[in-house]
Structure formats: C-alpha cells, structure tokens
Amino acid sequence: MDVQDSLIVDELKRDSTIGARLLVEKYQDWLYIWGKKQYESLSLQDLLEIIDDTFIRVIEKIALFQFRTEKGFKNWVFTIFSRLCIDRLRKEEKIADYMQIQSLDSEPTENNKKTFKSARLELDRKIFHDYFSPKSHENPLAQKVRDFLDGLDEDNRTILLGCAMEIPHREIGKWTGIPVKHIKTYYSRLKKKLKNYLKEAEGG
Amino acid sequence: MEEKKDRMDVLLKSLIKMGELPPEDRIIDYLMDLSSEREIPKVVREKTIAKLEKRQKELRDTKKRLQNPAKLNSFGEYIRLIRIKEKFDTSDLATRVKIAKNKINLLENDSISPLDFTLDEMARLIRAIGLKAQIAIELIKKSYQLFKMQPHIAEASARYDDKHGIPESKIEDMGRALKELMLKSSFRKTEPLADPELENYLKDLQDKLK
C-alpha cells in the first residue's frame, strides 16, 4: 500500500491510531529488509524489537517533526532506526569501525579504543538529550554529503548510493537507462565530484 | 576482482550505515524483491500496532496529568511521569544527577523520605527534570506526607491486589486515587505541616534553587 508520508504525519500528529497503523504498514517491511542488509550481526529478533522502538520514538517525537521535504519523514525514520541499530551493536560490543569516521581525513582504524570510547560517550550523551528528535544535532559531514546529493538528479543519486551499497550494476543500469559498462565510470566521476565538493566545503 | 575501495567509498558506506543517507525507494524495493522473507507475519505486525496504540494512550494520559503538576500527588509521581513522557529510565536519570538509582525508585513510590536526599542531590534532581522551584517544594511536602502514611497506604492497597482479577492499570489508578484521598484528609488535619525539620529543609532548598 503506497500511503503518502504527509498523511501518516498528519494522522500521528492528531494522535490517531490510524496513523500508527499506516506507519507500521508502510515502514515495517522496509526497515526489516534494510536492517538485514546493513546490520548483519543483529539477530532477526533484535531487528524486530528495534523496529518497534523506532516507531515508538517516532510517535513520541512527532510533535517536533516539520514536514519540509517529501523525503523528510522517511529520512527521519531511517535515521532513528540506524541509530538504534548502532546503539544495540555498541551494547553488544559488535560495533564496527564505521562509527569512527568523523571527518574527511579520518580513516577507520581497527581497535582504536580511544576513538571508540569517545564515540560511545557521545552516543550516551545524545541519547539522553533528545538524540532521536528531528532537531537533534546533525553530523556536519553527513549534511554536506546530503547537500551534494540534493544537487544531483535522481539517476546520478541512484548511481552514487547504489554503487556504494554494492547493488549490481545491471540493476542500476535498468533503473537509470545508462549502459552497464558505463556505470563504473559514472560512479568514479561522481565520487571525484563529491570529493572536490567536500574539499571546497571544508575550505580547500 | 574486488574493486579497490577509496576514501569516498568508505565515507559513503559509513554514512549509509549510520543512517545519515537514507536509501532511495527503488533500492529498498530491490532489496525487498531479493528477500525471501518479504512480509513480516501479520501477527507480528498486529503486535507492533497494539504496542504503539498502548504507547499513544500512555503519552496522552501522561501529558494530561503533567499539564498541572501542582495537582499531582507527589514529587516522585512527577519524576515518574516525566520519565514516561521523555522515555528515559531511572538509570539514565540516576547517572545524570549522580544519585543512586535505588533511591530514585524509592522516591517515585513514596517509600523514602525526601529528607533522605541531601540538598545538593535534591537541587540536582529538580533541575534535571525541569520543575519550577515552588511547585517542586509543594510536591516534596506531599511526598513527605505520603512517606509518613506509607504503612497505611500499603495496607489499603494490598486489599486490591491482583487476586481480585483487577487489571494492573486499574490498580495503579486506584492506588493514585487512594493517595490523593489520604493526602487531602491529612492536609486538612495537619496543615500547615508542623515539622520543623521539613520546614528547614525546604527553606534551605529554596535558597539553593535561587
């Protein structure tokens, strides 16, 4: 069932149970599949629990949510879900080095206990202070990458994100109409563009 | 041959994993088509919906009662409601205000005298939950009174335990009403509270909160 997010948001803001139902029907499968792909070390039971928690957070913070862009709500739901997954991994000490990337120059390092500890404290702090609110602090680097993506057309965005997620080029070619043999070149160009964009944004 | 990963690959992957770059619809649809467990069983879905509806109701009730904190039965009740509303547990609060978790639990149930908290502890607690000093003081008076009446309350509550088949939420409502009733009757008899220890504590607390 393809329900508009704006309708879900309106219903949830009105505190209606229909809103809760629509939210679950639209997002539960998506989050489940996404979680299975992105956080393989979480058990399926864990994933289901985290999905429930995600919806509860959405309900609790919906009053603060403002519908600015078409994708805004979906982005928010996925962000909450990912943060909860990462937090669960952290608690189970299954955290990966991707937590440690803070700037363009930092590279993931293994067993970097100091960075790990500081990421951990940062998470603890944020969780108490409205970590899941739509107004929670943004990761500035992520914001720059999102700005860059917003400036791309849909096909280029799909190439960049799809290739980064290792979606087969054949599929990406089908969606975008670009010959499969050219996808890799497109991806390389886009990454180069992104790199330059970030360098400029970081002040050269 | 595996493609060589550069920094941009790592960055994009990291941001995707951290939920900072949510997926395009067609990517999720593709992943769904790949999955053998596309649909979450209906029974699981209904359970989730029931959980959400319960939380919605809980929030609605809590919000309503928090609209007028001065009318609450005790300081502990305010803490509990704020926790439900903001969804943090006693451990979170205990860590933040540097008070033993057990002490906060007891305070929520009016099973400890507020005077067992140092002035510094109480001030930290009041600030952490964002309660106005005057209202906090009124609620602390009630907590103190309820603590003193605790044996009677426990005795009366025991008559309504689950052996009567009354749902837990109903028992909670009844417990609250009972406390309210006992408070009203006790304040009628003893108002103003003639306990110099409490009066001094509250005076010092007020100074501390200024």
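Student: Is the crossing of helix 5 of chain B past helix 6 of chain B left-handed or right-handed?
Tutor: Right-handed. A crossing is left-handed if the near helix is turned anticlockwise from the far one by less than a right angle, and right-handed if clockwise, so helix 5 of chain B counts as the clockwise kind. This is a predicted model, where local features need pLDDT of at least 70 and side-chain atom pairs pLDDT 80 or more, while totals for chains, interfaces and linings use all residues. Residues are numbered from 1 along each chain as written, with chains lettered from A and ligands numbered from 1 in written order.

Student: Which residues of helix 5 and helix 6 of chain B make the contact?
Tutor: B:Thr90, B:Ser91, B:Leu93 and B:Ala94 sit on the helix 5 side, and B:Lys101, B:Ile104 and B:Asn105 on the helix 6 side. Being in contact takes C-beta atoms, placed from the backbone, within 7 Å.

Student: How many residues of chain A are in contact with chain B?
Tutor: 47 residues of chain A touch 43 of chain B. Helix 2 of chain A gives the largest share of its side, 12 residues. Helices here are DSSP runs (H or I, at least four residues) numbered from the N terminus, and helix 2 spans 17-38.

Student: Over which residues of chain A does pLDDT stay under 50?
Tutor: Residues 96-131. pLDDT is the predictor's confidence in each residue, from 0 to 100. The model has 40 contacts beyond four places in sequence for that stretch. Where pLDDT is low, the predicted coordinates should not be read in detail. Chain A averages 79, with 75% of its residues scoring at least 70.

How values were computed:
Helix = DSSP H or I, 4+ residues; strand = E, 2+ residues; numbered from the N terminus. Contact = placed C-beta atoms within 7 Å.
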